[in-house]
Amino acid sequence: SAATGQPEFGQHLRGVNDEVRALLCMKVSLRAIARHLRIHPRTVARKLEFLGKIGRAYLDSLPVRGLPHVQFDEMQSSIHTKYKPVAIPMAVDAETRCILAVGVASMPAQHPIIERALAKYGPRADDRAAGVSQVLRRIAVMLAPGAQISTDCALHYPDPIRTELPGVRHVATLSRRARNAGQGELKRGANDPLFPFNHTAAMVRDGVSRLV
């Protein structure tokens, strides 16, 4: 087989992988991709999972080293319903805005839907601390000695940063109110200290239909 030794080995429809990837990156829904390519929606779902594994392997093997400054924060989304929110911790290079690591963690519902979420689904685990630690652990080998990590003033950031990134200088800045534009990620006012992260997060949210 021409795919021997490749990640696509054993797939019956590996010829549509590139088209599925391009359409997913253009915010086309899974059902619309299936109709356009005349394949089953379950095939598109399997392709999404396959491409996700390739993306994860790419992030895990990034050859980036010696970065002097990274920015870290969390986006929020949901699974199935807004009553099941998740946090998406992400780290980016402050200079190039390259995404260095990304994760996902369960979190409880927030105001004003706390009572309805508890009544319908019960208590929800808060795994944000573990998710933050996992992402920080991945970028530890990418940082230069004495590097700086910038975050907002979330209270659950300092402890894992001290644990996972010893010797790294932590700079926390107050978060600002979001602009009307920018998918809720870009902040009002000029000179946003976390603009590289916020702009990258806005692009990610705009480019992934589930996050929208």
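Colleague: Which ground rules apply here?
Modeller: This is a predicted model, in which local features need pLDDT of at least 70 and side-chain atom pairs count only at pLDDT 80 or more, while totals for chains, interfaces and linings use all residues. Residues are numbered from 1 along each chain as its sequence is written, and side-chain values use heavy atoms, leaving out hydrogens and water.

Colleague: Happy with that! What pattern does the protein follow along the sequence?
Modeller: Helices (H or I, at least four residues) and strands (E, at least two) are DSSP runs, numbered from the N terminus. The protein has 7 helices and 6 strands. Read along the sequence, the pattern is α-α-α-β-β-β-β-α-α-β-α-β-α.

Colleague: At what angle do helix 2 and helix 3 pack?
Modeller: Axes here are lines fitted to C-alpha atoms, for helices over the stretch in contact, and angles run from 0 to 180 degrees between N-to-C directions. Leu30, Ile33 and Ala34 in helix 2 meet Pro41, Val44, Ala45 and Leu48 in helix 3, where contact means heavy atoms within 4.5 Å. The axes of helix 2 (residues 30–37) and helix 3 (residues 41–60) are 8 Å apart, and the angle is about 115°.

Colleague: And how is helix 1 oriented to helix 3, roughly parallel or roughly perpendicular?
Modeller: The axes of helix 1 (residues 17–25) and helix 3 come within 10 Å and cross at roughly 85°. Angles under 35 degrees count as roughly parallel, over 145 as roughly antiparallel, 65 to 115 as roughly perpendicular and the rest as oblique. So helix 1 is roughly perpendicular to helix 3.

Colleague: Now the rings: what kind of pair do phenylalanine 72 and tyrosine 157 form?
Modeller: Rings of Phe, Tyr and Trp (its six-membered ring) pair if their centres lie within 6.5 Å; planes under 30 degrees apart count as stacked, over 60 as edge-to-face and the rest as tilted. The count comes to 2 aromatic pairs. In one of them, phenylalanine 72 and tyrosine 157 have ring centres 5.2 Å apart and planes at 75°, so the pair is edge-to-face.

Colleague: Is threonine 151 buried or exposed?
Modeller: Threonine 151 is in strand 5 and touches Phe72 and Tyr157, among others, not counting residues up to four places away in sequence. Buried means under 20% relative accessible area, exposed over 50%, partly exposed in between (1.4 Å probe, protein chains only). With a relative accessible area of 0%, threonine 151 is buried.
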